[in-house]
Amino acid sequence: MIPGFWREFHIKIAESYFQLKIVRYSIVGIFSTGIHLSTAFAFIYFINQSLFLSNLFGFSSAYFFSYITQSKFVFESKISFQKALKYFVVQFFTLLLSIVLSSMVEALNIYLKVLLVVIILPIITFFVHKIWTFAEHA
């Protein structure tokens, strides 16, 4: 009886966390990163060794997957060109912000810089998407 209780307890905790939008946002982000990497690596290996082109295709694949999945799975929003454009703007400025922040904190250890970009920026983008990109205006 106790093992069943603990199993149900863990399942309820996992379900409650999974209901949090930021957790779903993170899961989609992890998959998007995998799509970017695998697409870029495949492009380099099979088509062309251009770093620019491989990242362009990797980013594009990840962007479309991420936008559609974030829209439906995380923010429960309709797909629209306007929101896709907003999503792109947020992602693009986040990239620029990561470059600026990394250069501003040159004194920090390189691993801390990576953590800054990987942890703090996705949290910021989550809230920007929630407040601006996917906000439903009456």
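A crossing is left-handed if the near helix is turned anticlockwise from the far one by less than a right angle, and right-handed if clockwise. The model is predicted: local features need pLDDT of at least 70, side-chain atom pairs count only at pLDDT 80 or more, and totals for chains, interfaces and linings use all residues. Residues are numbered from 1 along each chain as its sequence is written, and side-chain values use heavy atoms, without hydrogens and water.

**View 1. Packing of α2 against α3.** The crossing of these helices is right-handed. Their axes (lines fitted to C-alpha atoms over the stretch in contact) lie 8 Å apart, at an angle of about 155°. α2 and α3 are therefore roughly antiparallel (angles over 145 degrees). The contact holds 14 nonpolar, 11 polar and 2 charged residues. Asp, Glu, Lys and Arg count as charged; Ala, Val, Leu, Ile, Met, Phe, Trp, Tyr, Cys and Pro as nonpolar; the others, Gly among them, as polar.

**View 2. The largest pocket.** A pocket is an open set of points on a 1 Å grid where a 1.4 Å probe fits, with protein on both sides within 12 Å along at least five of seven lines; lining residues have an atom within 4 Å of a point. The space amounts to about 1,100 Å³. Gly 29, Thr 33, Phe 59, Gln 91 and Thr 94 lie nearest the centre, among 31 lining residues. α2 gives the largest share, 9 residues. The lining has 19 nonpolar, 12 polar and no charged residues.

**View 3. The salt bridge between Arg 24 and Glu 76.** The closest N and O atoms are 3.7 Å apart (cut-off: side-chain nitrogen of Lys or Arg within 4 Å of a carboxyl oxygen of Asp or Glu). Arg 24 sits in helix α2 and Glu 76 in the loop between α3 and α4, so the pair ties together parts 52 residues apart in sequence.

How values were computed
Grid points are joined across faces, edges and corners, and a volume is the space filled by probe spheres set on the points. Helices (H or I, at least four residues) and strands (E, at least two) are DSSP runs, numbered from the N terminus. Axes are lines fitted to C-alpha atoms, for helices over the stretch in contact, and angles run from 0 to 180 degrees between N-to-C directions. Angles under 35 degrees count as roughly parallel, over 145 as roughly antiparallel, 65 to 115 as roughly perpendicular and the rest as oblique.
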